[in-house]
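Welcome! Here is a friendly walk through one protein model, with stops at its aromatic rings, a helix and a pocket.

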Amino acid sequence: MKTTVYNLRDYQSEMKFRLDEAWKKFRHVMVQMPTGTGKTHLMAAVVRENAEWGNVLIVAHRMELIEQIASTLHRFGIEHGLIVRKSAADECRRVMVASIQTLAKRIDTINFRPGLVVVDEAHHALAKTYRMLWDRWTDARFLGLTATPCRMNGKPFTDLFDALLQSWNISEFIDKGWLSDFEYVSVNPDSRVMKLIASLEKRGADGDYQTKEMATVMDCPDSVRHLFDSYRHFAEGRKGIVYAIDRTHAAHIAEYYSGQGVSCCVIDGKTPLKERVRLVDDYRAGRIRVLVSVDCFSEGFDCPEVDFI
């Protein structure tokens, strides 16, 4: 495999140094860096330059994230195998990238013994399925990567990670030219829509709004029409993503946008992988202008062509 040499940006090199120092005192370290600042590149550099730790297990919860991690490892010249659904676990590789769902089903039969476990989007690690990693590999170092080291329900990560290393804030990344500036437009806080949202009482286990109750308020013709009017006023002709509450809501949005002449498609967790890849390729090529997403592309989706959300 041809190795591509990647020079880390100054803040990535600084974070890697801080991580190496932290590991001298702690075994389980979480790193926070804002979306778009290259957490996956930092991870690849750590994996490449710490071969003395032995095997490495990288864990993610979505196929898009697994594919992106695998692509980055390939560019760094790091050979790796996959532990994902419908594939045989190639446990002879030093570096393995695994789906947490598949890992949960196979963990009792896997002979792979990592010296380092990397948890991508580590704010999900409060889920019970992740705790088995700590229970299974008690001697391993752990690296958690996230842009959001907190949960809406207020639960901490201190039972899993011993230290948190935080990078610059978003404003500083923008000022230094590493992130694009953005324009933020909000619904009027005194509007009918916001009053309806404020009336929602039920919460999920993570502290966020409960999907079923939220859909009863937001998935209605007036709301969908208002959503499109906002797109037409602020972002018409641009490429972007519309996040829907559930699959029914997404279908209503896509139907309305298509009826207004906007090329769009729905992608959700049940969209077959090959179909999802084809639709994203069409989006990147400009044949689709708007992706309507349900529980997809909210984390780790690397697509600089996105102009609005």
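Rings of Phe, Tyr and Trp (its six-membered ring) count as a pair if their centres lie within 6.5 Å; planes under 30 degrees apart make a pair stacked, planes over 60 make it edge-to-face, and the rest are tilted. By this rule, the count for the structure comes to eleven aromatic pairs. Please keep in mind that this is a predicted model.

| Pair | Centre distance | Plane angle | Kind |
|---|---|---|---|
| W134 and F142 | 4.3 Å | 15° | stacked |
| W134 and F161 | 5.4 Å | 90° | edge-to-face |

Why is the pair of W134 and F142 stacked? The planes of W134 and F142 stand at 15°, and stacked pairs are those with planes under 30 degrees apart. The pair of W134 and F161 has its planes at 90°, so it is edge-to-face.

The pair of W134 and F161 also links distant parts of the chain. W134 sits in helix 5 (residues 128-136), while F161 belongs to the loop between strand 6 (141-146) and strand 7 (163-166), and 27 residues separate the two.

**A cluster, and charges over rings**

Elsewhere, ring pairs join F228, Y231, Y256, Y257 and F308 into a cluster.

**Helix 8 and its neighbours**

Next comes helix 8 (residues 211-218), where the buried residues are E213, A215, V217 and M218. What do the buried residues of helix 8 pack against? Their partners are helix 7 (192-198), helix 9 (221-234) and helix 10 (247-259).

**The second largest pocket**

Our last stop is the second largest pocket, which holds about 360 Å³ of space. It is lined by 18 residues, and those closest to its centre are H61, M63, R85, S99 and Q101. Helix 3 (63-75), helix 4 (100-106) and helix 11 (273-285) each give at least two residues to this lining. Helix 4 provides the largest share, four residues. By type, the lining residues of this pocket divide into five nonpolar, six polar and seven charged.

How values were computed:
Residues are numbered from 1 along each chain as its sequence is written. This is a predicted model: local features need pLDDT of at least 70, side-chain atom pairs count only at pLDDT 80 or more; totals for chains, interfaces and linings use all residues. Side-chain values use heavy atoms; hydrogens and water are left out. Buried means under 20% relative accessible area, exposed over 50%, partly exposed in between (1.4 Å probe, protein chains only). Contact means heavy atoms within 4.5 Å. On a 1 Å grid over the protein atoms alone, a cavity is a set of points where a 1.4 Å probe fits but cannot get out, and a pocket is an open set with protein on both sides within 12 Å along at least five of seven lines; lining residues have an atom within 4 Å of a point. Grid points are joined across faces, edges and corners, and a volume is the space filled by probe spheres set on the points. Ala, Val, Leu, Ile, Met, Phe, Trp, Tyr, Cys and Pro count as nonpolar, Asp, Glu, Lys and Arg as charged, and the others, Gly among them, as polar.
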